[in-house]
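Reader: I have a structure to go through with you. Could we take it topic by topic?

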Amino acid sequence: MINISSVKKNDYFKLIAVENTLFEKSTLINEFQNFTNNISIKIWKLVTTKIIGFVHFYYVKNEVEIISIGILKEYQQKGYGSIIIKEIKQLKPKKIFLEVSVENTHAINFYLKNGFKKIGIRKGYYNRTEHRIDALRLLFEF
Ligand SMILES: CC(C)(COP(=O)(O)OP(=O)(O)OC[C@H]1O[C@@H](n2cnc3c(N)ncnc32)[C@H](O)[C@@H]1OP(=O)(O)O)[C@@H](O)C(=O)NCCC(=O)NCCS
């Protein structure tokens, strides 16, 4: 069984736990409050026997901006991330765009595999403790 659905209040801590295993900084923690009041903010969970992944994105006027996507380490490279991208494509937005660290080769390859194209670089976009990292801008267009 694979199911993708919008997160509910009682999923919050489970989702943040998944996010914490994958990212240094949480994009979800503050977003949960806004999420219930703002219809443009989407947070979906991917469930098999438990929550194994999530996607956090904005959906405004036919455009999707992916803020973050994550699949638990032990479930990566089994097609689950691509299932989430397919589900977003089902919304039929004109464009899906996102930024990803130039150092995150796994994710870049994942997006390219799912039809995204490189459209630019944002210099020093990410602020890490030791240095700033450029972001690659990626776009999927129908
Ligand atoms: C990026 C991510 C969401 C992809 O999800 P996934 O379920 O692993 O992706 P899929 O199985 O659908 O696609 C696999 C493709 O992604 C890339 N990839 C993903 N994880 C990888 C890994 N650990 N090692 C190498 N390639 C990887 C490869 O291109 C792979 O294709 P291949 O199997 O033909 O080599 C997942 O790896 C993840 O959660 N990464 C950590 C968080 C992150 O960096 N998120 C993206 C930034 S917002």
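Reader: Which residues have the most contacts inside the largest nonpolar core?

Author: In this predicted model, they are F54, V55, I66, I84, I88 and L138. The core itself has 23 residues.

Reader: Take I84. What does I84 touch, not counting residues up to four places away in sequence?

Author: With those excluded, I84 touches I4, L46, G53, V55 and I69. Two of these partners also face each other across strands: the bridge partner of V55 is I69, in β4.

Reader: How many bridges join β3 to β4?

Author: There are 8 bridges between β3 and β4, and the two strands run antiparallel.

Reader: Which helix packs on the sheet there, touching β2, β3 and β4?

Author: That is α1, whose direction makes about 95 degrees with that of β3. As for α3, that helix lies across β1, β2, β3, β4 and β5 and runs at about 30 degrees to β3.

Reader: Let us step back to the sheet. In what order do the strands come?

Author: The order is β1-β2-β3-β4-β5-β7-β6, with 7 strands forming an open sheet of mixed pairing. At the edges are β1 (3-6) and β6 (117-127), each of which pairs on one side only. From one strand to the next, the twist averages 25 degrees.

Reader: Do go on to β4 and β5: parallel or antiparallel?

Author: They pair in the parallel sense, over 4 bridges.

Reader: Which residues of β5 are on the covered face, and which on the uncovered one?

Author: I96, L98 and V100 make up the covered face of β5, while K95, F97, E99 and S101 make up the uncovered face. In a regular strand the side chains alternate between the two faces of the sheet.

Reader: Now the end of the sheet. What joins β6 to β7?

Author: A hairpin does, through 4 residues. The two strands run antiparallel and are joined by 7 bridges. K117 stands opposite L139 in β7.

Reader: And K118, where is that one?

Author: K118 is in strand β6. Leaving out residues up to four places away in sequence, K118 touches L136 and L138. The C-alpha atoms of K118 and L138 are 4.7 Å apart in space, although 20 residues separate the two in sequence.

Reader: Is K118 buried or exposed, and why?

Author: K118 is exposed, because 12 other C-beta atoms lie within 10 Å, and a residue counts as exposed at 12 or fewer.

Reader: Changing topic: which residues are closest to the ligand?

Author: Q76, G81, S82, N109 and F110 are the closest of the 19 residues that surround the ligand.

Reader: Where does the largest share of that shell come from?

Author: From α4, with 5 residues. Each of β4, α3 and α4 (105-113) supplies at least two residues of the shell.

Reader: How many of the shell residues are nonpolar, polar and charged?

Author: The shell around the ligand divides into 7 nonpolar, 10 polar and 2 charged residues.

Reader: Some backbone geometry, then. What is phi of K61 near?

Author: Phi of K61 is near 45 degrees, a positive value in a residue other than glycine. K61 is found in the loop between β3 (51-60) and β4 (63-71). K61 counts as exposed because there are 7 C-beta neighbours inside 10 Å.

Reader: And Q77, where does that lie?

Author: Q77 lies in the loop between β4 and α3 (80-89). Phi of Q77 is also positive, near 60 degrees, and Q77 is a residue other than glycine. With 10 other C-beta atoms within 10 Å, Q77 is exposed.

Reader: Last one: how far apart in space are T36 and E130?

Author: Their C-alpha atoms are 35 Å apart, and the two residues are 94 residues apart in sequence. T36 has its place in helix α2 (residues 31-37) and is exposed, with 9 other C-beta atoms within 10 Å.

Conventions: Residues numbered from 1 in each chain as written. Predicted model: local features only at pLDDT ≥ 70, side-chain atom pairs only at ≥ 80, totals over all residues. Buried ≥ 20, exposed ≤ 12 C-beta atoms within 10 Å, placed from the backbone. Near = placed C-beta within 6 Å. Nonpolar A, V, L, I, M, F, W, Y, C, P; charged D, E, K, R; others polar. Core = buried A, V, L, I, M, F, W, Y, C linked by C-beta atoms within 7 Å. Contact = placed C-beta atoms within 7 Å. Pairing = 2+ DSSP bridges. Axes fitted to C-alpha atoms, helices over the stretch in contact; angles between N-to-C directions.
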